[in-house]
Amino acid sequence: MDSYDAPELTLRQSAFSRPEGICATPLQKRLESVRKQTSSVPTPPRRRIPQCPQVQEDVDPQKVAFLLHKQWTLYSLTPLYKFSYTNLKEYSRLLSAFIVAEKQKGLAVEVGEDLNIKVIFSILLGVKGTQRDPEAFLIQSHSSSPRLEYSGMSLDLLGSGDPSASAFQVAGTTDACHHAWLILSKSQFPSENREGKVLWTGWFCCVFGDNLLETVLEDFTCLPLFLANGSESNTAIIRTWFQKTFDCYFSPLAINAFNLSWMAAMWTACKMDHYVAATEFLWSVPCNPQSLNISYAIHPEDAKALWDSVHKTPGEVTQEEVDLFMDCLGSHFHRHFKIHLSATRLVCVSTSVASAHTDGKIKILCHKYLIGVLAYLTELAIFQIE
Amino acid sequence: MDETVAEFIKRTILKIPISEMMTVLKAWNFLPENQLQTINFRQRKESVIQHLLLLCEEKCASINDAALLDIVCTQVHRHKKIWDVFRMSKEPGDDVDLFDMNQFKSSFKKVLQRALKNVTVSFRETEENEVWIRVAWGTHYTKPQQYKPTYVVYYPQTPYVFTSSRLTRNITLLGQALTIASKHHEIVKMDLRSRYLDSLKAIAFQQYNQVFEIHNSTLPLQERRLALDSRIIHENRVEKERVQRITQESFGDYPQPQLEFAQYKLETKFKSDVNGGILAERKEPLRCLIKFSSPHLLDALKSLAPAGIADAPLSPLLTCIPKKKMNYFKIRDK
């Protein structure tokens, strides 16, 4: 494991020596090198090792299963101050109370309904890159049973007599993430044993985040990647609580076209036993006044064949290969339609491994490459924080 | 009035917004004018529906009347369905018969009833020389399913038929009924599909380019040149005008028919001049599925070359959509 880690560390450090996301012109590269007082030789193209499924011993495929096939919204998170893995129960309690208080701030209608939101924190084992990465944790927000007969007040207020019809309860059903802190709250009803629907799930993780871990001080826990599934209002409330309690800062993680094309190349490079989906790209064309979307789907085996023909360096993916891959796709398209895809905006990339949208939404489809996908996303999150 | 009929009328009326209700009911022509005037459309929708149901009860509305109401609603909201286009053809030696509407209707009904016994078939003719047919499908043993009907729009004297594409099982039977009733020989599905029935009509009958021919020729060339941005300098101006001219030639000056998507299934080999050697040994083609989607596809495609995103002339695969009457293509290497 160590020999695997070391070359990767150095490569990543050199990768972060220049800003990511800029397809640097020669002039820009020279300016950078002048600023850093290095030689005027242009820096080598970024190299990245594609994900390998070897760091998966701790991860139980079954436990990971509920992380897959869900759409997660991404945020980057600055390090948490004085976060402790032993105080999970305490955090559960505090966060439940906070959510309930927030919900009650608004309309009177909500009184009596949301008193039984349970929030549960739990640790997700195995979702990490190296041993240095902190444990990921999962937060899940459950609703209690919809039968709120104990509170006659709520029935009157709702008027329709159906206390289960609440917008809060129809929010997404997500399961606890292994690797995130899972927040579940316990119902106060003595008779209730069932947990109720999962309303919201979020998890925090850090995969191969060594660059950030080195710079961080003692009291800080570094979990730069936050993924949320559920209603936006819940996400906002939970973010506020974390920001107040741990002095951290969330910001939405958007994925630009450059990174989307890297993801497409890396995921196409992954070896799969069977493909569940075609490799699909979605471009948005900025034409006026009508919008135009181009969806370009290739059979996954053909995409792999194209990648294999482009890919020259074993074990590594270089910038040139990614550019060449996207170029080939573009020229094949141009041959038929005479449209330059380079003039359009890449919005969404979807393969059998995962699918990503430029608004910061991700869906992971294959448990084998879960860690690899998370590693890339962690890198993007860390870059955004810095 | 039957319970099922009442329920069906109720659900149909429920889908109509209050603002359109008067026009729809008038077009339906089942309830007399004076009775319609008595309805207060400002009250809550449930009360309006109750009132209407009472009136229909008094007039003993049948399932056929309800079906006619359904047709009227669909005619008003025709863009809510996706329409397929079929073309019928005659044998080369066949005579051109005079079209008899009554004979067509009875023949169509007969074919369907003979095959399935339980079908509800309703017809409605409009002023634009089209006949709308609604078919609710049942089987020998079950009553017709009124909530999943198929709509067919047929233009007599033309070989074109438009159907709402919910068909799965009964499509061959419908095709048979249409060909027999209209005295054609066979029916073929075209690769053309859209929500906008009027645009499909314009494409099928090649009528989209007959608009305002005179108007365009009066616009002198100089005025068109001025339409370009004044900041464009001479060298680029020549190129821009060339692009504009070519775009005009391929797309024409007339408003384009409205389509929402075009789909291309490509199975062509990868060939690239610049990136030589990539996939050179591979004999199999790349299997791609490309879909263009837009609220108004042809307008968007027309604006690509002037915007610099595409070369002019645009690829014939895109410009041939209205001419070839297709928006689903399968492209293979020659």
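1. Over all chains, the structure holds 16 salt bridges, a salt bridge being a side-chain nitrogen of Lys or Arg within 4 Å of a carboxyl oxygen of Asp or Glu. A:Asp302 belongs to helix H9 (residues 300–310) of chain A and B:Arg287 to strand S8 of chain B, so this pair joins two chains. The closest N and O atoms of the A:Asp302 and B:Arg287 salt bridge are 2.9 Å apart. Between chain B and chain A the count is two salt bridges.

2. This is a predicted model, in which local features need pLDDT of at least 70 and side-chain atom pairs count only at pLDDT 80 or more, while totals for chains, interfaces and linings use all residues. Residues are numbered from 1 along each chain as its sequence is written, chains are lettered from A and ligands numbered from 1 in the order in which they are written, and side-chain values use heavy atoms, with hydrogens and water left out.

3. In the interface, 40 residues of chain B are in contact with 35 residues of chain A, contact meaning heavy atoms within 4.5 Å. The two chains bury about 3100 Å² between them, 61% of it on carbon and sulfur atoms; buried area is the accessible area (1.4 Å probe) that two parts lose on being put together, summed over both.

4. Strand S8 (286–293) of chain B also pairs with strand S11 (residues 292–298) of chain A, in the antiparallel sense and over six bridges. Two strands pair if DSSP finds at least two bridges between them; strands (E, at least two residues) and helices (H or I, at least four) are DSSP runs, numbered from the N terminus. Within this pairing, A:Ile298 stands opposite B:Cys288.

5. The domain bounds come from an automatic or database domain assignment. Chain A is divided into domain 1 (56–106 + 113–145 + 196–253) and domain 2 (255–358), with 32 Å between their centres, taken over C-alpha atoms. For chain B the assignment gives domain 1 (3–78), domain 2 (83–205) and domain 3 (238–332). The C-alpha centres of domain 1 and domain 3 of chain B lie 46 Å apart.
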